[in-house]
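Here is my note on the model you sent. Please read it with the structure open.

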Amino acid sequence: MGIIARNLDQVRTRIAAAARQSGRDPSSIKLVAVSKMKSIEDIREACEAGQYAFGENYAQELRQKADILVDLPLEWHFIGHLQRNKAKLLAHGVPWVTVDSFAAAEALDRRATQNINLLIEVNVAGELTKAGIEPKEAPELISTLQKLNHVKVRGLMCLPPYDDDPEKSRPYFRKLRELLVSTNLTELSMGMSHDFEVAIAEGATIIRVGEAIFGKRR
Ligand SMILES: *Cc1c(COP(=O)(O)O)cnc(C)c1O
């Protein structure tokens, strides 16, 4: 078994344990393998080990990889910051896209030929350097997005300030979950390699895991 397959096994075991601890069904948590900066061969190896959902945070990199890997039944997730002039790169074959503006979502909607699931990035810690809307802007953005045709808002996403201690992420995950309750949405995309167990305890339905699967990025 290769290293990626082994890592995937370990991540799945950790997901199942975290789910069990909070009385959740492990199959209610989608694992997105974050393959940014990783090779086509690495993605193929993960796919052979049964991983189909992959996340990328640069639109150009996602497009190139998706075009090369068309022979595989992959489910692509764009998890970065979408600028409206890049929306055309994601209009086909990318069923999950994170947005934080109406302009980007509208540009995507105009070019889409099939439905695209949207997650709204929320800047839960109010960090000046980070993307995402303010929590209080969510209700209005959600209702405006519901007027579009191909894009369907499914949930919220966050990327808390990095801290080695996963417990430091908990208040932000909780904040995102509380915000979700005030909407009619169902998906919570939160948790990465170092803090996904805490995210699962706080209700994550989608976790985005890179280094724990593919090893350290340069
Ligand atoms: C890189 C990235 C991840 C994965 O981070 P790891 O620490 O490698 O698990 C998750 N979400 C976003 C938005 C990212 O950019």
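This is a predicted model: local features need pLDDT of at least 70, side-chain atom pairs count only at pLDDT 80 or more; totals for chains, interfaces and linings use all residues.

1. Distances and areas below should be read as computed values.

2. Burial of strand 5. Strand 5 spans residues 116–121. Of its 6 residues, 6 are buried, so the strand is largely enclosed by the rest of the structure. The cut-off for buried is under 20% relative accessible area. Ile116, Leu118 and Ile120 point one way. Asn117, Leu119 and Glu121 point the other way. Both sets are buried, Asn117 and Glu121 included.

3. Strand 4 side. Strand 4 (residues 96–99) pairs with strand 5 in the parallel sense, over 4 bridges. Val99 has Ile120 as its bridge partner in strand 5.

4. Strand 6 side. Strand 5 also runs parallel to strand 6 (residues 151–157), joined to it by 6 bridges. Here Ile120 has Leu156 as its bridge partner. Strand 5, helix 5 (residues 138–145) and strand 6 form a right-handed β-α-β unit.

5. Which residues come nearest to the ligand? They are Lys36, Ser193, Arg208, Glu211 and Arg217, out of 13 residues around it.

6. A side-chain N or O atom of Ser193 lies 2.5 Å from a ligand oxygen. For Arg208, a side-chain N or O atom is 2.8 Å from a ligand nitrogen. Gly210 contributes a polar backbone atom, 2.8 Å from a ligand oxygen. The protein buries 93% of the 390 Å² that the ligand exposes when taken alone.

Key
Residues are numbered from 1 along each chain as its sequence is written. Side-chain values use heavy atoms; hydrogens and water are left out. Buried means under 20% relative accessible area, exposed over 50%, partly exposed in between (1.4 Å probe, protein chains only). Helices (H or I, at least four residues) and strands (E, at least two) are DSSP runs, numbered from the N terminus. Two strands pair if DSSP finds at least two bridges between them. A crossover is right-handed if, with the strands pointing away from the viewer, the path from the first strand over the helix to the second runs clockwise. A residue is near a molecule or strand if one of its heavy atoms lies within 4 Å of it. A polar contact is a pair of N or O atoms within 3.5 Å; within protein, one must be able to donate a hydrogen and the other to accept it, and residues adjacent in sequence count only if both atoms are side-chain atoms. Accessible areas come from the Shrake-Rupley method with a 1.4 Å probe; for residues, only the protein chains shown count as cover.
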